[in-house]
Amino acid sequence: MNKKFLSLTMAGIISVSTVFQALPINSFAYNSYERIAGKNRYLTSEYVSRRNNSEIVVLASGEKFPDALSAVNISNKYDAATILTDGRSYDIINILKSRNAKKVFLMGGVSSISADLENKIKNEGFDVERISGINRYETSEKAVKKAGYSEVGVASGSNYTDALSASALLKQENCGLLLVDGDKGYKTPEGVAVKYTFGGSRTIPQNGGERIYGVSRFETAIKISNKVKNPRTMAVVSGDNFADALSATNLVVSDDAIIMPVQKYPYYDVIRKAREVNQVIFVGGVNSVSDETASRIIEKGVTPTTKPSAGEDFNTSDLTEEQKQLLKDMEELGNKIEDDIEEIQRIVDKIKELKPQISNSMETIKKIIDFIKNLNKPGNINNAVTSIEKLEKLLETISKEMPSSEQLKTQLTQLKASIEKIKSEIKQYQKILNTILGKPGDKVLNLIADKISAEISKNINNLIINILKGLIGK
């Protein structure tokens with residue numbers, strides 16, 4: 001193929017695609033962002049703890065998270081600084097001296113923080129108190145009692161992300177963190193009530209208070225953060241590194257932060273959340289939260305999808321119970337579609353990393369350009385189904401022009417399956433929509449349906465453009 005023609009056609013695709021990037025790019029609310037990181041988890045912890053100049057310090061294990069999680073109870077209650085230790089090194093004493101610490105809590109038993117280190121700290125003149133039980137659950141109970149909480153949020157003792165993501169909400173609501181064994185029933189300490197349960201019924205079958213959960217630990221974290229009122233800071237941590245996440249709880253105290261664990265390809269909700277705070281702080285080095293992940297969160301050019309929601313825009317107080325259920329079904333399915341759009345975008349990003357190149361087929365390139373040019377305008381959910389069905393046919397053609405590597409074949413298979421899934425969900429949405437539109441007098445529901453349908457249709461168009469750009473490596 002003529003290279004000049006190929007270059008021009010690629011430019012044409014990019015130029016045409018920008019027409020359909022309909023979602024506005026909002027200005028960020030935050031004024032700054034920074035990374036706090038040391039050469040290891042202990043230095044990172046020390047650096048983050050400097051944001052909190054409290055004379056009360058909680059020492060927690062940087063190796064064993066179960067006991068360390070209970071440090072949240074003490075840090076939230078007393079605005080204490082949390083610092084990680086290996087449980088043996090005397091270096092921690094110099095850190096305590098440098099910050100003029102007066103009171104030092106040790107979280108966990110001697111397997112977490114040795115008796116030798118405890119005695120050494122005492123001999124240096126610090127007021128030391130150890131909080132420990134026979135296991136992580138008893139340690140948690142004792143920490144709740146020490147802090148004097150009358151209400152708690154319940155989280156699994158084997159899943160640190162839910163517990164640490166909840167730290168800001170727990171501080172806001174003056175609640176303790178009670179770790180439980182999800183495989184067994186639990187009892188709260190005397191005089192303590194459950195206000196929240198963090199995680200789904202598979203994680204904690206026993207009900208208690210308001211349950212907050214998502215389809216993944218990352219979505220659970222987002223839903224928890226949405227309940228925190230006016231956070232000033234978002235502390236971004238790796239979803240696979242408990243040490244940095246625990247160190248980040250210092251920012252809950254010092255910077256009114258929410259803790260946001262992320263994966264390599266963060267949910268768009270995380271990007272949206274960055275627009276609501278004054279500053280974003282990445283805790284940990286590039287091996288924890290890579291520069292690529294960080295740039296996805298703070299990059300002003302990233303255009304997030306908008307979750308379908310109507311309750312804030314319309315007065316739904318006069319709806320009947322049947323109408324409210326239809327609204328709920330519509331919003332839930334709309335959210336599910338948007339989640340699947342985000343999942344497809346992650347697959348497309350992986351395909352782009354493989355740098356696929358279409359074989360020298362001028363005809364295929366022309367088909368892609370024509371497809372984008374003739375893409376149905378967003379606004380009608382029926383158009384979205386038609387566009388997806390046309391996309392499926394085009395993908396069959398494009399797939400034959402792609403390199404036959406196993407990695408690419410796997411990603412293309414996942415892509416096609418995910419597209420089929422979204423098509424099925426949109427058809428379910430159409431059925432709900434037809435039920436609403438078929439009933440007279442549902443003026444509010446009709447308005448809501450129009451709003452959500454337009455948003456989904458718009459996001460589907462953006463998705464289709466991104467898929468086609470991704471398949472040609474753009």
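**Entry 1. A loop residue**

I began with Asn-230, which sits in the loop between α10 (217–225) and β10 (233–238). Helices (H or I, at least four residues) and strands (E, at least two) are DSSP runs, numbered from the N terminus. I noted that the model is a predicted one, in which local features need pLDDT of at least 70, side-chain atom pairs count only at pLDDT 80 or more, and totals for chains, interfaces and linings use all residues. I also noted that residues are numbered from 1 along each chain as its sequence is written, and that side-chain values use heavy atoms, with hydrogens and water left out.

Is Asn-230 buried or exposed? Asn-230 counts as exposed, because its relative accessibility is 71%. Buried means under 20% relative accessible area, exposed means over 50%, and partly exposed lies in between (1.4 Å probe, protein chains only). The phi of Asn-230 is positive, near 50°, and this residue is not a glycine. I recorded for comparison that most residues other than glycine have a negative phi.

**Entry 2. The whole protein**

I counted 18 helices and twelve strands in the protein. Of its 474 residues, 53% are buried. The accessible surface comes to about 21300 Å², and carbon and sulfur atoms hold 46% of it. Such areas come from the Shrake-Rupley method with a 1.4 Å probe; for residues, only the protein chains shown count as cover.

I then looked at contacts, meaning heavy atoms within 4.5 Å. Among contacts with a separation of 6 or more, 76% join residues 24 or more positions apart.

**Entry 3. Helix α4 and what follows**

Why is helix α4 (residues 71–78) described as largely enclosed by the rest of the structure? The reason is that six of its eight residues are buried. They are Ala-71, Val-72, Asn-73, Ile-74, Ser-75 and Asn-76.

Just after α4 comes Asp-79, with a positive phi of about 55°. Asp-79 is located in the loop between α4 and β3 (81–85). Its relative accessible area is 36%, so Asp-79 is partly exposed.

**Entry 4. Ser-140**

I next examined Ser-140, in helix α7 (residues 136–147). Ser-140 is buried, because its relative accessible area is 0%. Leaving aside residues up to four places away in sequence, Ser-140 touches Ser-70, Asn-73, Leu-177, Leu-178 and Leu-179. Asn-73 is one of the buried residues of α4.

Which backbone atom does the side chain of Ser-140 reach? The side chain reaches the backbone oxygen of Leu-177 at 3.2 Å. A polar contact is a pair of N or O atoms within 3.5 Å; within protein, one must be able to donate a hydrogen and the other to accept it, and residues adjacent in sequence count only if both atoms are side-chain atoms.

Ser-238 lies in strand β10 and is buried, with a relative accessible area of 8%. Its side chain reaches the backbone nitrogen of Asp-240 at 3.0 Å. With residues up to four places away in sequence left out, Ser-238 touches Pro-261, Val-262, Ser-288 and Val-289.

At the start of α11, a side-chain oxygen of Asn-241 comes to within 3.1 Å of the backbone nitrogen of Ala-243. Helix α11 is mostly covered, with twelve of its 13 residues buried; among them are Phe-242, Leu-246 and Val-253. Just after α11, Asp-256 takes a positive phi of about 50°.

**Entry 5. The nonpolar cores**

A nonpolar core is a set of buried Ala, Val, Leu, Ile, Met, Phe, Trp, Tyr and Cys residues joined through side-chain atoms within 4.5 Å. Which members of the largest core touch the most other members? They are Phe-198, Met-234 and Ile-297, in a core of 63 residues. Helix α11 (residues 242–254) gives the most to this core, namely seven residues. I also found a second, separate core of 42 residues, including Ala-384, Ile-422, Tyr-429 and Ile-467.

**Entry 6. Pro-266**

Pro-266 is placed in the loop between β11 (257–262) and α12 (268–274). At 8% relative accessibility, Pro-266 counts as buried. Pro-266 and Ile-297 are 31 residues apart in sequence, and their C-alpha atoms are 7.5 Å apart in space. Apart from residues up to four places away in sequence, Pro-266 touches Thr-293, Arg-296, Ile-297 and Arg-346.
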